[in-house]
Amino acid sequence: MCGIIAYTGSRQAAPILLAGLRDLEYRGYDSAGVALLPESGGEPAVAKRRGKIAELDAAIGAEPLPPARTGIGHTRWATHGAPSDANAHPHTGSGNDVVIVHNGIVENYAALRAELSERGHAFESETDTETIAHLLEEALDSGNDLLAAMRETCARLAGSQAIVALTSREPGVAVGARIGHAGAVVVGYGEGEMLLSSDLAALLPHTRDVAFLADRQLVRIDERGATYETLDGSAAAEVEPRTVSLDPASADKGAYDTYMLKEIMEQPAALADTFGGLMTVEPARLTLDDLGEARPWLERVERVLLVGMGTSLHAAMVGRWYFEQIARLPADTDNASEFRYREPVLGPETLVVSVSQSGETVDVLEAMNVARASGAPQITICNTPGSQTTRVADGAVHTYAGLERGVASSKTFTTSIAALFALALETARVRGRISDDELARHVRDLAAMPEIVGRQLESFDGIAKAADRFRTTQHILFLGRGPALPIALEGALKMKELSYVHAEGYAAGEMKHGPIALIDPTFPTVALAGQHALRSKIVSNIEQIRARDGEVLAIVTEGDDELIALANEALTVPPVPALLEPLAAIVPLQVLAYATADARGCDIDQPRNLAKTVTVE
Ligand code: M6R
């Protein structure tokens with residue numbers, strides 16, 4: 001949560017920082033600000049405003065900033081202190097010559113604030129962040145340079161942090177630090193310029209050569225390059241920039257009104273790219289080249305545990321089916337935030353598979369730490385090369401969805417499912433659970449999905465009508481069974497986060513155990529009733545709802561006239577093999593949630609209260 005950008009080099013910093021903040025706005029949009037070290041010297045110039053970047057742009061338009069070639073910027077998702085101008089980052093110390101931006105929570109900020117106040121520091125905000133600026137100022141006053149001052153300051157902070165700082169005492173320098181899982185600090189290597197950011201997205205317009213700070217690392221940048229240290233003061237090992245293959249053009253909205261619509265429509269290409277990265281059809285071969293030290297464990301483990309949060313957890317739930325059905329391995333899923341606190345019983349016999357598109361979700365990273373401490377081998381399914389989950393896990397299966405900018409996930413959901421399918425196939429193959437012919441059939445089936453999803457996206461028949469119906473509804477029940485349960489959960493999540501309509505995803509078999517009491521003519525149900533989703537059982541659920549005057553929108557297989565007649569409305573999906581039905585079934589639900597939100601006038605790319613990457617607990 002919160003977006004960070006820093007620039008130092010030969011160009012004017014302000015336009016680069018402001019463009020970077022627009023690229024980072026999905027990290028939080030409660031307030032935004034920049035601080036510049038003026039070329040003419042003197043204290044940093046700070047501009048910050050509550051609200052979105054447009055408010056900051058207007059403020060800078062009214063009161064222009066001085067020319068500067070070094071600066072930092074921040075877009076905030078509020079934790080401590082309400083969204084306001086005063087609580088917006090950057091924050092300064094008492095003397096105004098130190099300025100910082102921050103992502104994370106200073107858990108001991110109250111004690112630090114009391115201690116600093118006693119020593120005469122005056123605070124201007126209610127944030128935990130401001131204590132860091134005052135501590136840094138004291139550390140500089142006692143003769144440290146900025147890097148040493150940052151190290152000394154970090155040693156006082158409890159909790160996970162990502163921090164970037166400037167001081168007028170060292171023009172042309174910015175220092176960054178990462179402690180724990182408050183979010184990435186990515187170092188961008190340009191030509192005669194250097195950048196820092198919380199995300200690759202803001203760096204890609206300038207460079208593809210990047211390095212990720214590891215936990216407890218510090219970096220100092222100036223226009224010539226970067227030096228790295230660890231928090232104990234030793235030189236950091238192995239920080240080499242790598243060239244990422246992500247396309248900066250994928251950061252544009254193109255002809256679409258929203259990133260999310262673009263990303264929904266990009267799913268055929270994202271699936272094709274992910275397929276191409278993980279397998280070939282002729283010959284039918286899996287090419288999971290990044291499994292690293294986890295590879296031998298595929299043969300040895302006795303069970304699989306998949307963890308994730310939100311949409312990625314729903315993808316993991318589909319993955320569980322794959323491990324059970326294809327590899328015949330006991331498999332389970334867990335919400336990463338629950339798993340980590342439960343003292344889970346596991347060891348080297350359990351393969352832990354984490355799913356995280358960002359690779360930076362704090363709950364997932366903490367769950368991975370628990371798994372590592374238990375000796376469990378780990379593989380991560382991730383869309384962000386170089387991110388923290390890929391560093392903690394023993395091996396990775398990368399998805400090739402490109403940047404996802406909409407806060408609500410779409411293409412990273414379907415590509416994570418494709419990657420889990422590939423990993424389950426590989427597991428089945430090395431364990432001798434699958435013949436060459438079966439493998440070839442599964443590979444062909446997945447290869448066909450991009451085109452099938454593409455055809456689904458060509459026509460939105462019936463969705464506008466359903467969205468118009470849901471525009472005024474207060475609550476919706478989403479029901480699914482078997483592999484359709486995660487799709488019901490994901491459909492409900494998309495609906496609530498985009499349109500703010502209360503939506504509950506439920507196991508259809510559970511309906512009679514309580515939720516059926518809610519059914520009346522004002523409480524519609526979306527029933528996942530594809531050919532493989534235990535259709536006959538879902539037919540009974542639909543009958544029971546209709547018998548109580550409930551309305552049903554059924555998601556059915558093309559040509560299923562019986563169900564089309566039974567439901568009030570139906571959206572069809574093409575017939576596909578059972579294991580891949582989730583990929584087809586989610587498409588109309590993504591579009592339905594989108595259209596409902598659009599009809600209700602919601603901010604689709606930046607739903608209220610949310611941020612794309614959740615790095616605080
Ligand atoms: O980056 P991750 O995949 O780890 O993110 C996990 C969740 O925060 C995320 O999937 C979230 O639920 C979706 N953006 C909601 O659409």
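Let's start with one residue. S410 is buried, because its relative accessible area is 0%, and the cut-off for buried is under 20%. Keep in mind that this is a predicted model.

Where does S410 sit? It is in a loop. That loop runs between strand β21, residues 395–398, and helix α13, residues 411–430.

What does S410 touch, once neighbours within four places in sequence are set aside? The contacts of S410 are M260, E263, I264, Q267, E404 and Q590.

Take the largest cavity. Its volume is about 230 Å³. The lining has 21 residues, and those closest to the centre are Y26, D199, L200, S358 and T384. By class, the lining of this largest cavity splits into 8 nonpolar, 8 polar and 5 charged residues.

Next, the second largest cavity. It holds about 90 Å³ of space. Its lining is made of 13 residues. Nearest the centre are C2, W77, T79, H89 and G104. Which strand gives the most to this lining? That is β6, residues 98–104, with 3 residues. The classes in the second largest cavity are 4 nonpolar, 7 polar and 2 charged.

On to the pockets. The largest pocket has about 470 Å³ of space. It is lined by 26 residues. M309, G310, T311, K612 and V614 lie nearest its centre. Several elements give two or more residues to this lining: α9 (310–325), β19 (350–356), α11 (362–373), α13 and α16 (485–499). The largest share of the lining comes from α9, with 4 residues. As for class, the largest pocket is lined by 11 nonpolar, 12 polar and 3 charged residues.

Last stop, the second largest pocket. Its space is about 370 Å³. There are 20 lining residues, and S245, L246, Y400, A401 and G402 are the closest to the centre. Which elements each supply at least two residues here? They are β14, residues 242–243, and α7, residues 267–278. Helix α7 gives the most, with 3 residues. By class, the lining of the second largest pocket has 8 nonpolar, 7 polar and 5 charged residues.

To close, go back to the start. S410 is buried, and Q267 is one of its contacts. Residue 267 also opens the range of α7. Find that spot in the structure above.

Terms used:
Residues numbered from 1 in each chain as written. Predicted model: local features only at pLDDT ≥ 70, side-chain atom pairs only at ≥ 80, totals over all residues. Heavy atoms only, no water. Buried < 20%, exposed > 50% of the residue type's maximum accessible area, 1.4 Å probe, protein only. Contact = heavy atoms within 4.5 Å. 1 Å grid on protein atoms, 1.4 Å probe; cavity = no way out; pocket = protein on both sides within 12 Å on 5 of 7 lines; lining within 4 Å. Points joined across faces, edges and corners; volume = space filled by probe spheres on them. Nonpolar A, V, L, I, M, F, W, Y, C, P; charged D, E, K, R; others polar.
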